[in-house]
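Q: Can you walk me through this structure? I'd like the overall picture, then some local detail.

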Amino acid sequence: RHRLKPSRFTSEDTDHNYYTSKTYGPTDPMSKDLWVNVDQMDKEKVKIHGILSNTHRQAARVNLSFDFPFYGHFLRDLTVATGGFIYTGDVVHRMLTATQYIAPLMANFDPSVSRNSTVIYFDNGTALVVQWDHVHLQDSYNLGSFTFQATLHSDGRIVFAYKEIPIEVAQISSVNHPVKVGLSDAFVVVHRIQQIPNVRRRTIYEYHRVELTKTKITNSTAVEMMPLPTCLQFTSCGSCISSQINFNCSWCHRLRRCSSGFDRHRQDWVDNSCPDETKDKSCDIINTTQLYPFTTTLVAKTTGRSRGETTTAGASLSTSLSPTSVPTEDSKGCFGCVSPAMPKESSAERKDTHPLHTGLILGILMVMLIMAATVLVTVYIYHHPTSAASLFFIERRPSRWPAMKFRRGSGHPAYAEVEPVGQEKEGFIESEQC
């Protein structure tokens, strides 16, 4: 997949679209220089995460003191996991290991099996260092401990440094947990389900992945990844369409954004008909308010070119991401609707006032009856927990509803790693690469 150029100490890989990477061997002085000795750092800023250091398959949100550019997007918070990786998505779900990660060594590590195992992080204002210190594989404790770290710099540079790797990474079992070394990013697309009103399905599309060579990960090695220019860095139409980078950049006048169409804002890009607008590759639109006489609020962050873990059954990217697809409805029920001027009230409309009031009163009475029935049913279930009605509602309580599980990451969300092929988990489907 990657074309490595061998040299005495360093392997360089420039075949990535978003990053260029260099791997430094044990005898290269850069390997030692890239390792951050947290023992020599300001002790007030070095934090040992108590929960992550004593649990298995756990993840915790860490706030950054700086903006970290990842695939052209600026992140201010990340999710550190016990499994040797950092999750970069903004929606925490059970498939954290599938996409959107920074993984110096993703594996089935369990810090709870040893008192010496800790997860440490350090933020000095321009870089975040996360170190998995003396962690063991849960299913292979006797193989020894692993010590490695990931450093995220404010300029987008990412460094993986390895101090103790007791076995070859290729030999680590992936039966109970994926084993990955590299980066991944994805975007989330929301699909309407026509058969079920007001229900939508979120599909993750991984649009790019950096897979590093596992055989080069040994004791005292390091990997440095430098970010390459992306369309998102251009802030004007002229600089966007005249850019000479590895991407086909287009400018969307409505969003005032430069993009290749494949990034975390993909949903926003399609919903605002940007693919149609950017076909002419022109910056000649003078008055955008006449073309788009309404305003929209930009979606904060949505979350994605290699392969995915599972495949969406019966659907392809070309259909789900069609530029001509119907835009997503907003909170008012209509995306971009312009209401015509309201005509003056006629005498016929005045005559309908009385029936309207009657219908309103009946509607209020109906709502009150439903509320009263709900209260009575709740009281009955509470006092008769073994009744058929009680069992029916217990089996269908909200904690089991997929729609209820899309919440922003809590302080310490758990994660599960291995997902059966083609199976949907918690409303998410992970699809093939775009």
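A: What follows is a short tour of a predicted model.

Q: How many helices and strands in the protein chain?
A: The chain has 9 helices and 17 strands.

Q: And what share of its residues is buried?
A: Of the 434 residues, 44% are buried. The accessible surface of the chain is about 23400 Å², and carbon and sulfur atoms account for 55% of that.

Q: On to strand 11. Is that mostly covered or uncovered?
A: Strand 11 spans residues 158-164 and is mostly covered, with 5 of its 7 residues buried.

Q: Which way does strand 10 run against strand 11?
A: Antiparallel; strand 10, residues 146-153, is joined to strand 11 by 6 bridges. Leu152 stands opposite Ile158 of strand 11.

Q: What do strand 10 and strand 11 form?
A: A hairpin, with 4 residues between the two strands. Gly156 sits in the turn and has a positive phi of about 95 degrees.

Q: How many bridges join strand 11 to strand 14?
A: There are 5, and this pair is also antiparallel, strand 14 being residues 221-227. Here Tyr162 stands opposite Thr221 of strand 14.

Q: Where is Leu365?
A: Leu365 is in helix 8, residues 353-383.

Key
Residues are numbered from 1 along each chain as its sequence is written. This is a predicted model: local features need pLDDT of at least 70, side-chain atom pairs count only at pLDDT 80 or more; totals for chains, interfaces and linings use all residues. Side-chain values use heavy atoms; hydrogens and water are left out. Buried means under 20% relative accessible area, exposed over 50%, partly exposed in between (1.4 Å probe, protein chains only). Two strands pair if DSSP finds at least two bridges between them. Accessible areas come from the Shrake-Rupley method with a 1.4 Å probe; for residues, only the protein chains shown count as cover.
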